[in-house]
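Here is a short briefing on one chain. Please look over the sequence and the 3D view before reading on.

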Amino acid sequence: MSLGRLDSWKQQYYTTTGVVVGYALCSSLLAIINKYAITKFNYPGLLTALQYLTSALGVYVLGKLGLLHHDPFTIPTAKKFFPAALVFYLAIFTNTNLLRHANVDTFIVFRSLTPLLVALADTAFRAQPCPSNLTFLSLLLILASAIGYVATDSGFTLTAYSWAFAYLITITTEMVYIKHMVMNLGLNTWGFVLYNNLLSLMMAPFFWFLTGENVQVLAALRSGIFDPAAFYAVSLSCLFGLLISFFGFAARRAVSATAFTVTGVVNKFLTVAINVLIWDKHASPVGLVCLLFTIVGGVLYQQSVSGPVSAPAQPKQLDIENSKGGGIGGGDDDDDLAGESDGTGKLISR
């Protein structure tokens, strides 16, 4: 091997390693950071709007600097994209309130339940074949583990689980229907990021008035109760939301679909471990065991629906999970567990 080729190989190796490590850190930390942000800054509508703003503005500025390419924002395309953006906003809205009222472990359990509903919806509404025996057993393991988690959850509240089920319904709707509709628009990944976050930002004021959050925010501004900790938490959440868009897309291009899926699984275990170590906002020991079995069930499901290993994703393939940018529940790879096996993960998300 010539010296020049060796240097090129080393550069590619370190670049790939850096991208994967960056994605792993962002993915495993984002849900915890968002939980911390919503704890310090208890205004979910405003928090997600700031995240949408950061992601949309980040893509626009980086595009102007020539560091990435995104499709131009046009009204005709925005009209076609609006239903997808609305469902996306509702998924993030319910996700935010789930993290507001429950711990990160509960979020992961319900996020891991999505393959079960997606499989049922695909069979019932999209004329897909019934799951194989291995797929059925993996879904059964996910369901049993989730029931075990709920049964042992000492922090169970009707409010938290109402938001959890609302989130489960909206995210399943997005996976089953919206992603296939958006595929036909021909947007590249960064165009999807721009449309998703910019349209969601435009919808945010309507939900502020609908939920009465605008009154709470104005009252807080008048009383001057915003503190530096809240500012840093929100800033960190917005930053990581943008970073996962970049690292998620880059990692999908740098490694194979299988390697990316393995990274996503490792990220879930890292999230659970970090969440247990840093504070007391986590499940009981029995609940954690059920949570881990839920993740294992998701891994088995992915293996049961995956075909032959494909080449790394091309730029035109959509990545909805990472396209949510600052989406408050972001950072995992559960849409791969929801039946996408082509390495594009989240539409290949949310």
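Is Asn 103 buried or exposed? Asn 103 is buried, at 13% relative accessible area; buried means under 20%, exposed over 50% and partly exposed in between, with a 1.4 Å probe and protein chains only. This is a predicted model, in which local features need pLDDT of at least 70, side-chain atom pairs count only at pLDDT 80 or more, and totals for chains, interfaces and linings use all residues. Residues are numbered from 1 along each chain as its sequence is written, and side-chain values use heavy atoms, with hydrogens and water left out.

**Overall make-up**

- The chain has 14 helices and zero strands. Helices (H or I, at least four residues) and strands (E, at least two) are DSSP runs, numbered from the N terminus.
- The order along the sequence is α-α-α-α-α-α-α-α-α-α-α-α-α-α.
- The chain has 350 residues, and 52% of them count as buried.
- Accessible areas come from the Shrake-Rupley method with a 1.4 Å probe; for residues, only the protein chains shown count as cover.

**Second largest pocket**

- Its volume is about 210 Å³. A volume is the space filled by probe spheres set on grid points, which are joined across faces, edges and corners.
- On a 1 Å grid over the protein atoms alone, a pocket is an open set of points where a 1.4 Å probe fits, with protein on both sides within 12 Å along at least five of seven lines; lining residues have an atom within 4 Å of a point.
- The lining consists of Gly 58, Val 59, Leu 62, Leu 67, Leu 68, Trp 190, Leu 242, Phe 246, Phe 249, Ala 250 and Arg 253.
- Two elements give two or more residues to this lining: α2 (44–64) and α10 (228–254).
- Helix α10 gives the most, with five residues.
- By class, the lining has nine nonpolar, one polar and one charged residues. Ala, Val, Leu, Ile, Met, Phe, Trp, Tyr, Cys and Pro count as nonpolar, Asp, Glu, Lys and Arg as charged, and the others, Gly among them, as polar.

**Nonpolar surface patch**

- Leu 53, Leu 57, Tyr 60, Val 61, Leu 65 and Leu 67 form a nonpolar patch on the surface. Together they have about 600 Å² of accessible area.
- Nonpolar side chains (Val, Leu, Ile, Met, Phe, Trp, Tyr) are joined within 5 Å, like charges within 9 Å.
- Leu 57 sits in helix α2. Leu 57 is partly exposed, at 49% relative accessible area.
- Leu 67 is part of this patch, and Leu 67 also lines the second largest pocket.

**Buried positions and their contacts in space**

- Asn 103 lies in the loop between α3 and α4 (104–112). Asn 103 and Ala 31 are 72 residues apart in sequence, with their C-alpha atoms 9.9 Å apart.
- Ala 91 belongs to helix α3 (residues 75–101) and is buried, at 0%. From Ala 91 to Ala 166 is 75 residues in sequence and 8.3 Å between C-alpha atoms.
- Ala 146 is in helix α6 (residues 133–151). Ala 146 counts as buried, at 5% relative accessibility. Its C-alpha is 9.2 Å from that of Thr 106, 40 residues apart in sequence.
- Ile 171 is in helix α7 (residues 158–183) and is buried, at 0% relative accessibility. The C-alpha atoms of Ile 171 and Arg 111 are 8.5 Å apart, and the two are 60 residues apart along the chain.

Conventions. Patch = residues over 30% accessible without salt bridge, like charges linked within 9 Å, V, L, I, M, F, W, Y side chains within 5 Å. Salt bridge = Lys/Arg side-chain N within 4 Å of Asp/Glu carboxyl O.
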